[in-house]
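Please read the following walk through a protein model with the coordinates open beside the text.

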Amino acid sequence: MAISVFELFKVGIGPSSSHTVGPMRAAGMFAEHLAAGGQLLRTVRVLAELFGSLGATGRGHSSDRAVILGLLGHRPETIDPAQVDAEVRAAHANGCLDLLGRHRIGFDPGRDLVLHLHRTLPFHPNGMRFTAFDETGAVCGERVYYSVGGGFVLDEDTIASTDRLTADGTVPPYPITSGDQLLKHCSASGLPISEIMLANETVWRTPEDVRSGLLAIWDVMQRCIVSGLSTEGTLPGRLGVPRRAPGLHRRLTAEELTAEELAAAEPSVAVRGSAEPRVVEPGSAEPGGATRGGAPLDPLHVIDRVSLAALAVNEENAAGGRVVTAPTNGAAGIIPAVLHYLSRFVPGSTDDDVVRFLLTAGAIGLLYKENASISGAEVGCQGEVGVACSMAAAGLCEVLGGTPQQVENAAEIGMEHNLGLTCDPVEGLVQVPCIERNAMGAVKAINAARLALHGSGEHIVSLDKVIRTMRETGADMKDKYKETSRGGLAVNFIEC
């Protein structure tokens, strides 16, 4: 099945795409299945069973809450995060659910929401089974779903499908099944990777709609950054992790404002802008760079700002806020942070650059989705932070003038140095080490793009080989390191 960039970049809520967004979608799909089959009004009870990684870390990832919301008919892209607590509390307090908002059934969370800690279903670690019963206790509907990463959900009918056509049977003009094939398309057509991806997207929508849709995705990302920078407090869960983004934002802004004030008094000091000073990287085409008191700001100030954007997004995600799955929620801060770097620190960047970035990143993301995995429960965090780093490196490299070969190299570098990254969240929460891991991934993506730009595009390990290696590494990785909270930091963390 051909994958659209808008399937890789989906608006949802935190804290997890596979453990929150996926179960919400699956529960909604089951309720719709009952309605389509004429069984909705017969249903008096629904049993939801979560297996594998969903069962092991579901509480920390709010999977149980997501199932309730999905059965109620809510969708990840439209639900108001501020209403989630009230909706879930009401279901628990009233002992009932309104399936799809129109048919009331009884609900006992202790009986009807079962998290199997040590049982898995055959296809994927994130398995779910929903069973509907009528008033006689007979089964009137049953479906199995798998949340396979990034909010993608498969049912048993689609698992075996290898059809690469779109839903209406149209073949994309440039089928993309490998990095090598992608480069061949670029060579034969003379188009950059972003234009190849745009041509494929026009199977579903007009170029204008693609552009406006991607800019809308960027708008959600920016709003998430702003919210993360301004929201104080402590993240939910027993760890009591404080939000760090607001305090860091204040410190960095104070440094920039100090430089701006000095620039007003000393015209030779080159700091641009007013409310949002734009720091120019040392060595860029524009002279001067940001300075304070006649001396340059710490050259790593740019890295601090990139890290800050990633922290802001992932603190929002950990708090259940609205984020863009890019390509997962656990790695949702990397692409926004690198786009923030592009829009703020690269002179002359435009909205068109943002569109090209996301199209290029999307092309790389679908290669991982098709040939490996973007699920931490399946291959570890290399499939989340590693893939996001690879995608961001590719997007930035193209926008900065990289050839298709250099872009492929940037994507390869981004993953090569995330191989073997485990998924071991403490307490099953997408907080430690996940939030900082996004900051590190964003900086690594920028470095990967720059390294690729300094080269010719020729390199020893191809993107296809590193994707294959990532998949094999994930298969070899012990299950305790794949989002089960049974290994790594999750068990070596000692509470004070």
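A residue is called buried under 20% relative accessible area, exposed over 50% and partly exposed in between, with a 1.4 Å probe and protein chains only. This is a predicted model, in which local features need pLDDT of at least 70 and side-chain atom pairs count only at pLDDT 80 or more, whereas totals for chains, interfaces and linings use all residues. Residues are numbered from 1 along each chain as its sequence is written, and side-chain values use heavy atoms, with hydrogens and water left out.

Four aromatic pairs are found in the structure, where rings of Phe, Tyr and Trp (its six-membered ring) pair if their centres lie within 6.5 Å, and planes under 30 degrees apart count as stacked, over 60 as edge-to-face and the rest as tilted. One of them joins phenylalanine 123 to tyrosine 146 edge-to-face, with 5.2 Å from centre to centre and 70° between the planes. Because phenylalanine 123 belongs to the loop between strand E5 (113-115) and strand E6 (127-133), while tyrosine 146 belongs to strand E7 (residues 139-149), this pair ties together parts that are 23 residues apart in sequence. Helices (H or I, at least four residues) and strands (E, at least two) are DSSP runs, numbered from the N terminus. Phenylalanine 123 is partly exposed at a relative accessible area of 37%, whereas tyrosine 146, at 2% relative accessibility, is buried.

The rings of phenylalanine 130 and tyrosine 145 are also edge-to-face, since their centres are 5.9 Å apart and their planes stand at 70°. This pair links distant parts of the chain, with phenylalanine 130 in strand E6 and tyrosine 145 in strand E7, 15 residues apart. Both phenylalanine 130 and tyrosine 145 are buried, and together with Phe30 they form one aromatic cluster.

The open sheet has five strands in the order E5-E2-E6-E7-E8, with mixed pairing, two strands being paired if DSSP finds at least two bridges between them. E5 and strand E8 (152-155) each have a single partner strand, so one side of each is left without a neighbour in the sheet. Strand E2 (residues 45-50) runs parallel to E5 and is joined to E5 by three bridges, and alanine 48 stands opposite leucine 113 in E5. Helix H4 (residues 63-71) packs on the sheet and touches E2, E5 and E6, contact meaning heavy atoms within 4.5 Å.

Conventions
Axes fitted to C-alpha atoms, helices over the stretch in contact; angles between N-to-C directions.
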